[in-house]
Amino acid sequence: MSEKKVYLQPVPVRIWHWLNALGIVTLCISGAQIRFPEYVAIFSSYRSAILLHNTAGIVVALSFSIWFFYYKIVAGNLADIYIPKKSDLTTGLFRQVVFYFFAYFFGAPNPHHATPENKFNPLQKSAYLGIMFVLMPIVSLSGILLMNVGPMREIVLLIGGLKILVAIHFLSCCSLSAFILTHVYLATLGSTPMAYLKPMWTGWEKVEDVKGACHENKQSYQQN
Ligand code: HEM
């Protein structure tokens, strides 16, 4: 089976992804100091941790807009890329879980073959859908409310008060941190540890030239 290079990650997606990753890691570290100042003292003062946390929050919100604008308006394929199909949920998800938990360790090939039109496997699709459409909005909106408790007092009260808002923000951030650990681990499970990381930097991924693979967008493929 020969190898092909597929253009999977357009420039705006890569810019969003690495800005977002830098911002989220900064948020986790500065957030740990804000939440547990008696145990975590990475930044010079509590005040500087808050300033950095707020700035990183704005960077993440702006980069989220790049992601949304690119997929929804420019490429127009947000739903196709991120929303799992019925077959993804009925059989694909199970097949992919079996691969990661079992078959991978026996050297079996990945059952999913990425194409620009269908670049995520069913597990990635489901996870990314939850992260980008549920968790990220919850983390961001609760963060924006916490930054503006005074002016947005009515909304804070509607949610159940400051304690509830802090709990929502903290628990959703813990879930996001758990996602990042799993995400980084799964990102190293390509044919080599860098096989999935490199395309997120260069845009191009090496894939097996599977018979019958979809070759609609010829400019997105290079024969090796
Ligand atoms: C901190 C270090 C991170 C590393 C090393 C990393 C690595 C990667 C890699 C290699 C990919 C491409 C392969 C794939 O689709 O799985 C990817 C895609 C993705 N990552 Fe990350 N990631 C990081 C952080 C994050 C964070 C913090 C988020 C969100 C909160 C995130 C969300 C995503 C999403 C949604 C995609 C799919 C992007 C697309 O093609 O539309 N990543 N990441």
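From the N terminus on, the elements of the chain follow the order β-α-α-α-α-α-α-α-α-β-β. That gives eight helices and three strands. Both kinds of element are DSSP runs numbered from the N terminus (helices: H or I, at least four residues; strands: E, at least two). The model is predicted: local features need pLDDT of at least 70, side-chain atom pairs count only at pLDDT 80 or more, and totals for chains, interfaces and linings use all residues. Residues are numbered from 1 along each chain as its sequence is written, and side-chain values use heavy atoms, with hydrogens and water left out.

The C-alpha trace of the chain spans about 60 × 35 × 35 Å along its principal axes. The chain has 224 residues, of which 32% count as buried. Buried stands for under 20% relative accessible area, exposed for over 50%, and partly exposed for values in between (1.4 Å probe, protein chains only). Contact means heavy atoms within 4.5 Å. Among the contacts in the chain with a separation of 6 or more, 66% come from residues 24 or more positions apart.

The ligand is surrounded by 27 residues. A residue is near a molecule if one of its heavy atoms lies within 4 Å of it. The closest are His17, Tyr71, Tyr82, Tyr128 and His183. By class, the shell holds 21 nonpolar residues, five polar and one charged. Here Ala, Val, Leu, Ile, Met, Phe, Trp, Tyr, Cys and Pro count as nonpolar, Asp, Glu, Lys and Arg as charged, and the others, Gly among them, as polar.

For tyrosine 128, a polar side-chain atom lies 2.4 Å from an oxygen atom of the ligand. For tyrosine 82, the distance from a side-chain N or O atom to a ligand oxygen is 2.5 Å. For lysine 119, a polar side-chain atom is 2.7 Å from an oxygen atom of the ligand. Two or more shell residues come from each of α1 (11-35), α5 (122-147) and α7 (162-186). Helix α1 gives the largest share, eight residues.

The whole structure contains one salt bridge, defined as a side-chain nitrogen of Lys or Arg within 4 Å of a carboxyl oxygen of Asp or Glu. It joins the side chains of aspartate 88 and lysine 125 (3.0 Å, N to O). Aspartate 88 belongs to helix α4 (residues 86-101) and lysine 125 to helix α5, so the pair ties together parts that are 37 residues apart in sequence. Aspartate 88 is buried, at a relative accessible area of 13%. Lysine 125 is also buried, at 2%.

Glutamine 124 likewise lies in helix α5. This residue is partly exposed, with a relative accessible area of 24%. Neighbours within four places in sequence aside, glutamine 124 is in contact with Lys119 and Leu129. Glutamine 124 and tyrosine 82 are 42 residues apart in sequence, and their C-alpha atoms are 8.7 Å apart in space.

Glutamate 205 sits in strand β2 (residues 204-208). Glutamate 205 is buried yet has no salt bridge. The nearest side chain of opposite charge, lysine 119, is 8.9 Å away. For charge, Lys and Arg count as positive and Asp and Glu as negative, while His and the chain ends are not counted. Residues up to four places away in sequence aside, glutamate 205 touches Lys4, Lys5, Val6, Leu8, Ala114, Ala195, Tyr196 and Pro199.

Key. A polar contact is a pair of N or O atoms within 3.5 Å; within protein, one must be able to donate a hydrogen and the other to accept it, and residues adjacent in sequence count only if both atoms are side-chain atoms.
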